Amino acid sequence: GDLCDEDIDGDGLPNSMDNCPDIPNPSQLDGNGDNTGDACENLTNTEQLELGLTNFVLYPNPASQKVWLEWTIEEKTNLMVSLSNLNGQEFLRKEWSAVAPGDHRMDLDISLVPQGMYVLKISSDRGILSRKLIIH
């Protein structure tokens with residue numbers, strides 16, 4: 001899945017027909033009928049700047065044992081990172097209070113998480129950012 005692909009998220013639907021092209025959602029569920037898939041509601045519409053969080057990087061992706069997250073925070077905030085499968089089952093959650101502004105780097109041990117496609121969410125006091133993560 002890269003920007004040149006016809007199906008960025010690999011869910012079997014071309015980007016032009018996908019109601020949530022960045023997050024796999026083969027069912028295309030759209031509970032409120034706004035033409036944005038439920039998998040994307042409140043996730044991809046929130047930009048990094050609105051979160052007060054910039055330079056967000058997730059690597060390696062795909063990953064197998066450990067994944068690294070890097071970001072810059074503009075102002076003190078509470079943070080939460082979670083990893084869920086496409087059915088919404090949460091496998092990891094980490095929370096921090098009053099995180100100081102500046103550059104941050106952390107690793108997540110994913111060695112016990114089953115292979116598959118996941119959504120990693122990072123939440124600040126101002127919103128949520130999500131990224132697709134493949135564990136193999």
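I took helices (H or I, at least four residues) and strands (E, at least two) as DSSP runs, numbered from the N terminus, and I called two strands paired if DSSP finds at least two bridges between them.

**Ground rules.** I worked on a predicted model, in which local features need pLDDT of at least 70, side-chain atom pairs count only at pLDDT 80 or more, and totals for chains, interfaces and linings use all residues. Residues are numbered from 1 along each chain as its sequence is written, and side-chain values use heavy atoms, with hydrogens and water left out.

**The hairpin.** I looked up β3 (residues 77-85) and β4 (residues 90-99) and found them antiparallel, with seven bridges. Leu-79 has Trp-96 of β4 as its bridge partner. Four residues separate the two strands of this hairpin, and Gly-88 in the turn has a positive phi of about 90°.

**The sheet.** Next I followed the strand order: β4-β3-β6-β7, an open sheet of four strands with antiparallel pairing. β4 and β7 (127-135) are the edges with a single partner strand each, so one side of each has no neighbour in the sheet.

**The aromatic pair.** I searched for Phe, Tyr and Trp rings (six-membered ring for Trp) with centres within 6.5 Å, calling planes under 30 degrees apart stacked, over 60 edge-to-face and the rest tilted. The count was one aromatic pair. Phe-91 is in β4 and Tyr-118 in β6 (residues 116-124), so the pair ties together parts 27 residues apart in sequence.

**Burial.** I used under 20% relative accessible area for buried, over 50% for exposed and partly exposed in between (1.4 Å probe, protein chains only). Phe-91 is partly exposed at 29%, whereas Tyr-118 is buried at 3%.
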